[in-house]
Amino acid sequence: MKILLFLFLLVPLTFSFCGGKYFIYFRDKGPVISLQKNSPAYKKAIQLLSSHAIERREKIMNADSIITFEDIPVYEGYLDKLTDLGIKIENKLNWFNAVSAYLNDNQKQQVLAQSFVQNITVVKTINFEKDVVRSINISKPVTQDALDYGNSYDQLALSDIPVVHSKGISGEGIIVGLLDTGFRTTHEGLKDINVITDSDFVFHDGITANQPEDNPSQDSHGTYVLSVIGGYKDSTMIGASYGASFILAKTEDIRSETHIEEDNYAAALEWMENLGVDVTSSSLGYNIFDNPDSSYTYQDMNGKTAIVTKAAELAFNRGVVTITAAGNEGNVKWHYIIAPADGFNTLAVGAVDDQNLITPFSSRGPTYDGRIKPDIAAMGVNVFGASTSGPNNFTYANGTSAATPIAGGVAALLLSIYPHLTNLQVRDIFHETSDNANNPDNDRGYGLLSAAKAISFPNLKSGDGEYILYKSFIDSHTNSNVQLHYSTDNINFDILNMKTELPYKFSVNLPGFTFNQVISFYFTYSDESGNIHRDPEINNYKFLSGSMNISLNLPLGGLPTNYVLSNNYPNPFNSITRINFVASANLQAELIVYDILGRKVKTIFKGISYNGINTVFWDGTTDNSVNSASGIYFYVLNLNGSLYTNKMVYLK
């Protein structure tokens, strides 16, 4: 049977500027602010959080410090004074101690004259080009899975999602937040989806489907994205985490005379976090704007400039797994990832085709400060989803917008089976288990994401002064004879039998270890035929006692949540490469290049650092101005007595 569907391309965005909307930043949060638990400010802030939000924060924040200064609501007295000036508040942004509002020139001067106002800045805006639409014929593929995925099979199979679904893992119990253009949940692929709540940050109401004022295609993008992650229509399409619950925010206005506004995004993210969202996924991005004076530049893609990036990072700091599209700028002038994909901890998703080849349009890294981006990749070509052209219509689409909900779905699957995981653990597991982890680059990042590998990667849970180690075998046939082999010297290994929790999931309570001790381990298990297997097949897993991150391919202790020493760029290089490092003050610093045998090649920096980003270049020469041989080199930063190391490849 053939079904007539429509195909749209998630094309690059063009931009326009509206100068009337501004952020108004306040100097403080009121006359007297205290974060003591019995203070009025603390009580007001904690009342904004759902019980799920509190539980999620406590996984990553100290239980006595889950409320920070950013969480304190903006001071109502300041809002009243702005109202007295005839100013209508659009969005309250507690995290930024700011509000947004439309201001004319006279009002701008009045606002700046208020003693409680620190400054005002323009709210940056962009808009969408219209989608390219054409009709095609689609034939349903034949699959051997328990679920009938219809035409959504390929996009899920590339990231090993059907095998995870076959274990009964669907994202149940996890709350996913989507920020997009709107959502038409009356579509047949979405009618059974569990939406906890939704909100329209454009018209400030509770309607996220199209309204009379909207462009007719307003909710098409968000509806499609929601179906890719959470839709379910037997024999037609199944979403990556169809059993999850969803919080939906309409943040983007695509009418030809209006714009996408970054304050909507920031306000929606704060709202979702308060409600207890576990994962956020946004298939939107912000970079060039019509007015050059208000445009972000590549220099701003540094993880700490764009409002949307800072909002995503603040959500991450509160325990949320933040995921966003890398952008569709790879084959246009901009080329690089776009905000908020430049965040330190926000997972930027690139797009690959069904052969796992990076697409030309997928935005490339690095960030301006030299970090690898994108983080991970998923299928972003011919991705199947719901179409708003009719309540029973479906479509294919291309773009990192299409890849991102697949990655968001994998995060929900992982948390569903391991709800104890922190977002830091999820982030590192994604990096560890993607297929480019051994050699991450600025095209594919750490590579194609695999749900099966992510769930099969061991993880730790702490509580009551002890560690519990978990291990699943999603792709393997095991019996109950699963054993942990562990060592504190990487030579002598002790053995513990693991307890069966599910047919594929095992756990073991670990003995006490000295703090900061390196623990090496591996697993053995027998299959249904009695054959003994080792996991990993070569090398060992490791973790540092006191840390929750397990390492196989990446540095012990996990990737940093901020960075001191960047990856060099370009890498490999054949003429000159750039290395950035960040210092928190004017500190004594020395940066030395070593060859693979540990022999010193060249000191490329020695002296007092700047407070902030320091940039150093190496041209492949030695201290004696001799050209080095092609090969692998290490560069070591000694910053005020602390050492940081990275590797690079020189090709002459």
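Me: How do you know that strand S2 is joined to S4?

Reply: Count the bridges: 5 of them join S2 (residues 21-26) to S4, and the two strands run antiparallel. Two strands pair if DSSP finds at least two bridges between them, so S2 and S4 qualify. Tyrosine 25 stands opposite alanine 98 in S4. This is a predicted model: local features need pLDDT of at least 70, side-chain atom pairs count only at pLDDT 80 or more, and totals for chains, interfaces and linings use all residues. Residues are numbered from 1 along each chain as its sequence is written, and side-chain values use heavy atoms, with hydrogens and water left out.

Me: In what sense do strand S3 and S4 pair?

Reply: In the antiparallel sense, over 4 bridges, with S3 covering residues 89-93. Asparagine 91 stands opposite serine 100 in S4. The hairpin of S3 and S4 has 4 residues between the strands, and asparagine 97 takes a positive phi near 50 degrees there.

Me: Why is strand S4 called largely enclosed?

Reply: Buried means under 20% relative accessible area (exposed is over 50%, partly exposed in between; 1.4 Å probe, protein chains only). In S4 (residues 98-102), 4 of the 5 residues are buried, so the strand is largely enclosed by the rest of the structure.

Me: At what angle do helix H10 and H11 pack?

Reply: At about 120 degrees, with the axes of H10 (residues 400-417) and H11 11 Å apart. Axes are lines fitted to C-alpha atoms, for helices over the stretch in contact; angles run from 0 to 180 degrees between N-to-C directions. H10 passes H11 in a right-handed crossing.

Me: Which residues in H10 meet H11?

Reply: Ala407, Val410, Ala411, Leu414 and Leu415 in H10 meet Val426, Ile429 and Phe430 in H11. This contact divides into 8 nonpolar residues, no polar and no charged. Contact means heavy atoms within 4.5 Å.

Me: What makes S20 and S24 edge strands?

Reply: Look at the open sheet: its 4 strands follow the order S20-S21-S25-S24, with antiparallel pairing. S20 (459-463) and S24 (499-502) each have a single partner strand, so one side of each is left without a neighbour in the sheet. Neighbouring strands of this sheet are turned by 30 degrees against each other on average, direction ignored. S24 and S25 (residues 505-509) are joined by 3 bridges. Lysine 499 stands opposite serine 507 in S25.

Me: How many bridges join strand S31 to strand S32?

Reply: There are 7 bridges between S31 (residues 588-595) and S32 (residues 600-608), which run antiparallel. In S32, threonine 603 is the bridge partner of isoleucine 592. The two strands form a hairpin with 4 residues between them, and glycine 598 in the turn has a positive phi of about 85 degrees. S31 also pairs with S34 (residues 631-639), antiparallel and over 7 bridges.

Me: What pLDDT does the protein chain average?

Reply: The average is 87, and 89% of the residues score at least 70. Over residues 1-19 the pLDDT is below 50. Residues 127-142 also have a pLDDT below 50. The pLDDT is the predictor's confidence in each residue, from 0 to 100. Where pLDDT is low, the predicted coordinates should not be read in detail.

Note on methods
A crossing is left-handed if the near helix is turned anticlockwise from the far one by less than a right angle, and right-handed if clockwise. Ala, Val, Leu, Ile, Met, Phe, Trp, Tyr, Cys and Pro count as nonpolar, Asp, Glu, Lys and Arg as charged, and the others, Gly among them, as polar.
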